[in-house]
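Open the model in your viewer and keep the selection panel at hand. The tour moves from the whole chain to single residues.

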Amino acid sequence: MADWDVLCFGETMAMFVAEQCGDLAQVEGFAKRIAGADSNVAIGLARLGLKVNWLSRVGADSLGAFVLASLRREGLSCDDVEIDPEHPTGFQLKARCDDGRDPQVEYFRRGSAASHLSSAVLRPSLLKARHLHATGIPPALSASCRELSHSLLDAMRACGRSVSFDPNLRPSLWPNLQTMVQEINALAIKADWVLPGLEEGRLLTGRQSPEAIAGFYLERGVQQVAIKLGAQGAYYRNTAGAEGMVAPQPVAQVVDTVGAGDAFAVGVISALLEGHDLRRAVTRGNWCGSRAVQSRGDMEGLPQRFELDHFEMRASA
């Protein structure tokens, strides 16, 4: 029996969020939080009651201690987080926007502790999780992180575990678009479930429609594809012949769009691990995404289990 439901890995940064709207250069007050797409998903899955193991690396500094304490408060196992005495914990500055636009973000992560993750961290205990969630961010951080991404996906598949993959494209971290597309697709086709956004899918596959994008990955061995369509909801398709659109959940006001895709992944992954079909998984993903955009912060809007149970009880009534 697996020790963990899910293994997630990547970089968690400290995040300083502006307390006033306006250009970051003019802001004087910031609130300290954490950020990182991979750990957003890990936190979201833990809030829904799954046992999550977090693999990462932080600096031997105050920001690293803050990151670790924050993750542990969310219920993640951080025994596999290494403390790096030579490289710092990455951080970012995030502007405040109250009108639903994507906020300005500045990153300070080059040469960070997490960018020095490598396949040297692989050990049999990591492979005891029954599912691996990966994104396209770690392989963009460094060659050693890219090697680790491939090694983890290969090892988990060899153990018969399921794997999900969210491209989470970060073009600024890659030398060029061609390299990014090649490297991300090489990882994506090793996954069972692929969760791109529409524009990401178009860039990665050269195909325009959600149906064609899903077909690209299904033709290459992926089992299930769910494509985020923003305000239009989501499209899904799998090798069993299931296919369709799921309407978005209504939102009174969009506060902060950052983290919505991570919340969608939380919903889809948790539902599939619970044995639900892909349509129900995408419906849950849309709902989790709708919760995320109504809260300021990258992961503050991720729901607790009792909130999800209440939503699904009402939806089935």
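Buried means under 20% relative accessible area, exposed means over 50%, and partly exposed lies in between, with a 1.4 Å probe and protein chains only. This is a predicted model, so local features need pLDDT of at least 70 and side-chain atom pairs count only at pLDDT 80 or more, while totals for chains, interfaces and linings use all residues. Residues are numbered from 1 along each chain as its sequence is written, and side-chain values use heavy atoms, with hydrogens and water left out.

**Whole chain**

Show the cartoon. The chain has ten helices and 13 strands; these are DSSP runs numbered from the N terminus, with helices (H or I) of at least four residues and strands (E) of at least two. The radius of gyration is 18 Å, close to the 20 Å from the globule rule for 317 residues, so the chain is as compact as a globular protein of that length. That radius is taken over C-alpha atoms, and the rule is 2.2 Å times the number of residues to the power 0.38. The C-alpha trace spans about 50 × 45 × 40 Å along its principal axes. Of the 317 residues, 57% are buried.

**Cores**

Select Leu 45, Val 52, Trp 54, Leu 71, Leu 76, Ile 269 and Val 282. Within the largest nonpolar core, of 45 residues, these touch the most other members. Helix α8 (residues 260-273) supplies the largest share of this core, nine residues. A nonpolar core is a set of buried Ala, Val, Leu, Ile, Met, Phe, Trp, Tyr and Cys residues joined through side-chain atoms within 4.5 Å. In soluble globular proteins, nonpolar side chains tend to be buried together.

Zoom in on Val 282. Which residues does Val 282 touch, not counting those up to four places away in sequence? They are Ala 226, Ala 234, Tyr 236, Val 246, Phe 264 and Val 268. A second, separate core has 41 residues, including Leu 187, Val 194, Ile 227 and Tyr 235.

**Helix α1**

Select residues 37-47. How many of the eleven residues of helix α1 are buried? The count is eleven of eleven. Among them are Asp 38, Asn 40 and Arg 47. After α1 comes Gly 49, with a positive phi near 100 degrees.

**Ser 149**

Go to helix α4 (residues 143-158), where Ser 149 is found. Ser 149 counts as buried because its relative accessibility is 1%. Beyond residues up to four places away in sequence, Ser 149 touches Phe 9, Pro 138, Pro 139 and Leu 187.

**Phe 216**

Move to helix α7 (residues 210-218) and pick Phe 216. Its relative accessible area is 10%, so Phe 216 is buried. Leaving aside neighbours within four places in sequence, Phe 216 is in contact with Asn 185, Leu 204, Thr 205 and Arg 207.

**Asn 168**

Finish in the loop between β9 (162-166) and α5 (177-188), which holds Asn 168. Is Asn 168 buried or exposed? Asn 168 counts as buried because its relative accessibility is 10%. Check its backbone too: phi of Asn 168 is positive, near 45 degrees, in a residue other than glycine. Most residues other than glycine have a negative phi.

Note on methods. Contact = heavy atoms within 4.5 Å.
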